[in-house]
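Reader: I would like to learn how to read packing features from a set of coordinates. Can we go through them one at a time?

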Amino acid sequence: MAARGHVQDPNDRRLRPIYDYLDNGNNKMAIQQADKLLKKHRDLHCAKVLKAIGLQRTGKQDEAFTLAQEVASLEPTDDNSLQALTILYREMHRPELVTKLYEAAVRKVPTSEEYHSHLFMAYARVGEYKKMQQAGMALYKIVPKNPYYFWSVMSLVMQAISAQDEKLSHTMFLPLAERMVEKMVKEEKIEAEAEVQLYFMILERLGKYVEALEVVRGQLGEKLTSELQSRENKCMLLYHQLKRWPECNALSCKLLLKNPDDWQFYLSYFDSLFHLIDQSWTPPEEGDHCTEGEVHCSVSQAISFVEERVAAEEAKESRPLRGPYLARLELIQRLRQRSCSEEQQLGEPLELMFQYFVKFGDKPCCITDLKVFLELLAPDQYVQFINRLTEAVPLGEAGEDDVALPGDTRTLQRHLCVAQLGRCLGLQHALDTDGKLALIRELKIHYRHGLQFGKNCLKTELQFSDMYCLMAAHVYIDLWMETGNEQMLWQCLGLLEEGLSHSPSNAQFKLLLLLLFCRLGAFEPVVDLYSSLDAKHVQHDTIGYLLTRYAESLGQFAAASQSCNFSLRFFHSNQKDTSEYIIQAYKYGAFEKIPEFIAFRNRLNNSLHFAQVRTERMLLDLYLEADISSTLEESVKSMSLCPEEDDIPWDNIRDNRDLTVFVSWNPKDRQLNEEHRQRSVEEEALWLKIRSVTLRLVGCLSGLCHPPSVRNSEKTTENGVAAKPSTLQPLLSQMESTLSQAVQFTERHSQHQYPILGPPSTRLAQALASGSCQCQLSALQLPIHLQELEAAGLDQSAELQAQISNLFKSLTVQLQDMLNKCKGDLLEVKDGRCKAQPSLLENLVYFVETICVVLWVSNYCGSTLRPLKSSLQKKKKKKKDASAVTPVVLSGFQEFTSSLQSLLSQALEHIKGQESHLTALKMESLSLEGLPQTEEEGTFTKTIMDKVQSSYLRSLQEVGDLLRKRVDTLKSLKI
């Protein structure tokens, strides 16, 4: 806001101090300065708006809004007021009010180019495409500039994209946009590349590929210069759409002759070649093969073409390009898929891959290049292939460790590539336990030796030998998964901690540490690790699941709030930010980007992770605050939670998680596959549905609660009965059916595990095993029965009272059973060895969550039974019948509350015992038997163990604190 040119207007001079205060974040002084100015100049509208901005930023939203509307109702036309109001409305997330502001300004000053363009951008912020089209044309009539005309055209295209009816798009909006552009073409008024791009986009959406091709290849196409090979790429795209394989093939040939390293053109060359072969296409006897030149339509021509490209690289004195060598392997792969015998003419894959390694093995990309083609090798060639590669690595003499080491970084990279390829082929997985331990020892020696080459690296740079350390960690994980020996896991964590000390910016070390800590149930170190990853923008959606999945389930409620906020902040700003990107795209004519921005915004709004984080954050807030710092009703109200509405877009939900974020060199049978992905999405959706319905049920419960001030009023009680039972019953039925699906899903997939570097399992299986979901459902069914009791009264409802009393007893049994599943040591020590049992911590969190729900229900029960009891006592007094038996439901409820008291005391006793046990553990005295460790390794492993111990203590402390607060709420349940 500060950059405001040379001051001439005296009002600008008066306003300057207020702008400065606002820019420096001194909002209170801005408000005071504005008040002073308004005393002298009452009609200075801008000062009022600047005061409103100060009020908005100090949390006084209502005052700010009232002040802003005062000024807006006067329909100001001075630039200062309009700009200030725009800023204010944007901060209030009310962009629709900006449109009204500029509509009024345009009515008063109909010839202002500036106000018309501001109005257009205001419509763009709220996605009013029809009004944008009209505003664009109005602007063009005042100031006939091409960009304004094409703003209007683009708005028509956006109406077509956003229209629900595709037929309407193709019969009205797009043809109209096409005619508008054609008018400009005929009048030869097309000036900029953006205008040609827009014309191309319209034709492409209309499916008029032939016309689009004429545009690209004609005079207008000459304007397409901003991207390298822009015309050629567009032609290639259109040839593909039109299935003109001869042109596609000839153009690919031409482009590959110019740049033999452009991989996309090799792919289109091979695609078109095999299409032509399948169609038995033959070139005409006379004249050109096609408009693009000569066409290759046989395997022999393709082989010659690729071999020529390779020969040209071999003849070069400079370093050869990788493209032709990879194209040869790609052609072999494609010929083998089609069972063509000609593949032998290109050579033996093992030999070709060996030659490739000799040429490019010192580049980090060599592994990713060759990994794709490993399936060309027969299983019995694997060892031979790795042996040949090893022989080609010039290592030095073996030292005292019997390990030959590289003398420079290039040799190191070659040796590393061989190790990575060996893992990809499954040779490391085939080793026995001793073989794997020997391999780890060798990898560690290579890692530590390689550190000398990176002594001068900056902290932000990776060490040359980091991948040795990561691979050793992967082998440790293999051993842990195969043998169940947790010592391997501790060693692995120690090694990664060591790696991170030498290479503090290595994201792979951090991600793997994060994953393993969560597997151990230690969330405390994870928050700092995730923060240090410095996840940017969309990464909060793609990798945020690694953090939010474990946050609450491991009892670190404060950290869970923080992790949800990381993600939610990004999702909430997405809406506002995307509008700004769209406006910039209009300003600079990047029309093809506008639909992409809108698709991006929709994808984020429909994100599975967004729905999960939103739901979990609300549940977490309720567990921590409802009936503690505020009543359940107030908490639900402050969240604007509407139980009747399901705000999750189930039909359009998008899984945006990046499940390949971990570097992995596992063979294909151990990698994440499509079945794993689909199962993970199904599981995530099921768990989200359970959590979402639980949240809505709690919202319903808050709506049923009787207002405390009029508890004894019979009339209010009757009204209370009819509060919202209509929503509660359908939601309970929905919960029952979802739980039934969840049980079936869990039984069906109980034997199937995701790969360790794949998606983490949800809390679903553990929640069902702990009995938490079933217990919460039982508790939430109580209000229905109590409403019936309230309607029937205590005298005529013996059977119903017995049923409710039994439900109270059943809940006590279920809660006791849940608590029993939490018993045991989180860190169990046997024979000097340390074993973590994180599932006990998860069970404890489920117990706490369930206790919260049960207490909310109990609160409702108390508020319903209290008036019934008092009316009963009044009747007793009238009849003077002191010997009457207490109704079953009242005695049952009193027993239930005392049972809850006892359960919570047991839980707190257990937590206290665990805290004492963990505090007494001397982690350094725990030996890692049978695993020789250097003193330095021992230090890193001890650091890890201390972090886990500290995290467990923190979790127990937070769970204990919450339970103690819940114990205090028990007192209010007495009737």
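Reader: Are Tyr356 and Phe360 buried or exposed?

Author: Note that this is a predicted model. Tyr356 is buried, and Phe360 is buried too.

Reader: Where do Tyr356 and Phe360 sit along the helix?

Author: Both belong to helix H18, residues 349–360. They are four residues apart, so about one helical turn separates them.

Reader: What kind of pair do Tyr586 and Phe591 form?

Author: An edge-to-face pair. The centres lie 6.3 Å apart, and the planes make 75 degrees. Tyr586 and Phe591 are both buried.

Reader: Which residues are in the cluster with Tyr586 and Phe591?

Author: Ring pairs join them to Phe120, Tyr148 and Trp151. For the whole structure, the search gives 18 aromatic pairs.

Reader: What does Tyr586 touch, leaving aside neighbours within four places in sequence?

Author: Its contacts include the aromatic residues Phe120, Trp151 and Phe591. Met121, Met132, Met154 and Met158 are also among them.

Reader: How many residues are in the largest nonpolar core?

Author: It has 303 residues. Tyr586 and Phe591 are among those with the most contacts inside it, along with Phe385, Leu512, Phe523 and Trp856. Helix H39, residues 838–879, gives the most to this core: 19 residues. A second, separate core has seven residues, including Cys564, Leu568, Phe570 and Phe571.

Reader: Now charges over rings. Which ring does the charged end of Lys234 sit over?

Author: The ring of Phe200, at 5.1 Å from its centre. Elsewhere, Lys689 lies over the face of Trp650, 4.6 Å from the ring centre.

Reader: Let us finish with one residue. Why is Thr897 called buried?

Author: The cut-off for buried is under 20% relative accessible area. Thr897 has 16%, so it counts as buried.

Reader: Where is Thr897 found, and what does it touch?

Author: Thr897 is in helix H40, residues 888–920. Beyond residues up to four places away in sequence, it touches Leu970 and Leu973. A polar atom of the Thr897 side chain also lies 2.8 Å from the backbone oxygen of Gln894.

Reader: How far apart are Thr897 and Leu374 in space?

Author: 66 Å, C-alpha to C-alpha. In sequence, Thr897 and Leu374 are 523 residues apart.

Note on methods: Residues are numbered from 1 along each chain as its sequence is written. This is a predicted model: local features need pLDDT of at least 70, side-chain atom pairs count only at pLDDT 80 or more; totals for chains, interfaces and linings use all residues. Side-chain values use heavy atoms; hydrogens and water are left out. Helices (H or I, at least four residues) and strands (E, at least two) are DSSP runs, numbered from the N terminus. Buried means under 20% relative accessible area, exposed over 50%, partly exposed in between (1.4 Å probe, protein chains only). Contact means heavy atoms within 4.5 Å. A polar contact is a pair of N or O atoms within 3.5 Å; within protein, one must be able to donate a hydrogen and the other to accept it, and residues adjacent in sequence count only if both atoms are side-chain atoms. Rings of Phe, Tyr and Trp (its six-membered ring) pair if their centres lie within 6.5 Å; planes under 30 degrees apart count as stacked, over 60 as edge-to-face and the rest as tilted. A charge sits over a ring if NZ of Lys or CZ of Arg is within 6 Å of the ring centre and within 35 degrees of the ring normal. A nonpolar core is a set of buried Ala, Val, Leu, Ile, Met, Phe, Trp, Tyr and Cys residues joined through side-chain atoms within 4.5 Å.
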